[in-house]
Amino acid sequence: MPRYGMAIDLRTCMGCAACVVACKVENRVDEDAFRCRVTQRSRGEFPNVHLEILSERCNQCSDAPCVWNCPTGASHYADGGIVLVDSGRCTGCKACLAACPYDARFINSRGVAEKCTFCVHRVREGLQPACVSTCPSRAMIFGDLDDPSSGLSRALGSRRHRALKPEAGTTPNLFYLE
Ligand code: SF4
Ligand code: SF4
């Protein structure tokens, strides 16, 4: 069984938001909601400051508080370690929204918690997530963290990288190549 993860190359991501649009179209996300987003933040200290552009989404955490705090079992781990929401069991109580340190979830127009699924419906068909397929600068790498020959493992093995908010202790599986 694979253990899916994703890496985004900060050198080549240009913040064009094609990933955001691809995600919305692929997953028919509500008009006023987003499963992924492009954010900007400054890093470093004056005079060595630079602007960092981040394509953000659910980190598919290996120790996910959204799962442990869901009172109904709607939030769960599926194949490949992907965190999903069973819409039939979700009551829209928002416990998972409060538990997620990454602000990765929202309640959709059907009253159900929603977030990035790594496009699990595509992955099960042997396809890449829509954002990865669409990225015009090929900045996103999706693959099996447990397969040392995967492009993802090789990128993480050869490039300096980091996850967001490691101090939250959720063991995120979304990485940024520096
Ligand atoms: Fe859950 Fe948030 Fe981690 Fe995604 S990023 S698995 S929603 S805790
Ligand atoms: Fe679980 Fe749904 Fe409540 Fe989230 S909103 S904790 S998925 S029942």
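This is a predicted model: local features need pLDDT of at least 70, side-chain atom pairs count only at pLDDT 80 or more; totals for chains, interfaces and linings use all residues.
Residues are numbered from 1 along each chain as its sequence is written, and side-chain values use heavy atoms, with hydrogens and water left out.

**Ligand 1**

- The shell around ligand 1 holds 13 residues, and the closest are Cys-58, Asn-59, Cys-61, Cys-66 and Cys-100 (a residue counts if one of its heavy atoms lies within 4 Å).
- That shell splits into nine nonpolar, two polar and two charged residues (Ala, Val, Leu, Ile, Met, Phe, Trp, Tyr, Cys and Pro count as nonpolar, Asp, Glu, Lys and Arg as charged, and the others, Gly among them, as polar).

**Pockets**

- A pocket here is an open set of points on a 1 Å grid over the protein atoms alone, where a 1.4 Å probe fits, with protein on both sides within 12 Å along at least five of seven lines; lining residues have an atom within 4 Å of a point.
- The largest pocket has about 300 Å³ of space (the volume filled by probe spheres set on the points, which are joined across faces, edges and corners).
- Of its 17 lining residues, Arg-35, Val-85, Ala-113, Glu-114 and Thr-117 are the closest to the centre.
- β5 gives the most to the lining of the largest pocket, with three residues (strands are DSSP runs of E, at least two residues, and helices runs of H or I, at least four, numbered from the N terminus).
- The second largest pocket has about 150 Å³ of space, and β3 (residues 48-56) gives the most to its lining, with four residues.

**Helix α6**

- In α6 (residues 151-158), Leu-152, Ser-153, Ala-155 and Leu-156 are buried (under 20% relative accessible area, with exposed over 50% and partly exposed in between; 1.4 Å probe, protein chains only).
- Seen down the axis, these buried residues fall within an arc of 165°, so they line one face of the helix (the arc is that of the directions from the helix axis to the C-beta atoms).
- Arg-154, Gly-157 and Ser-158 are exposed on the face turned away from the buried side.

**Arg-105**

- Arg-105 sits in the loop between α3 (95-99) and β6 (106-107), and is buried at 6% relative accessible area.
- Not counting residues up to four places away in sequence, Arg-105 touches Cys-66, Val-85, Ala-113 and Glu-114, among others (contact means heavy atoms within 4.5 Å).
- Arg-105 and Cys-58 are 47 residues apart in sequence and 7.6 Å apart in space, C-alpha to C-alpha.

Definitions and conventions:
Chains are lettered from A and ligands numbered from 1 in the order in which they are written.
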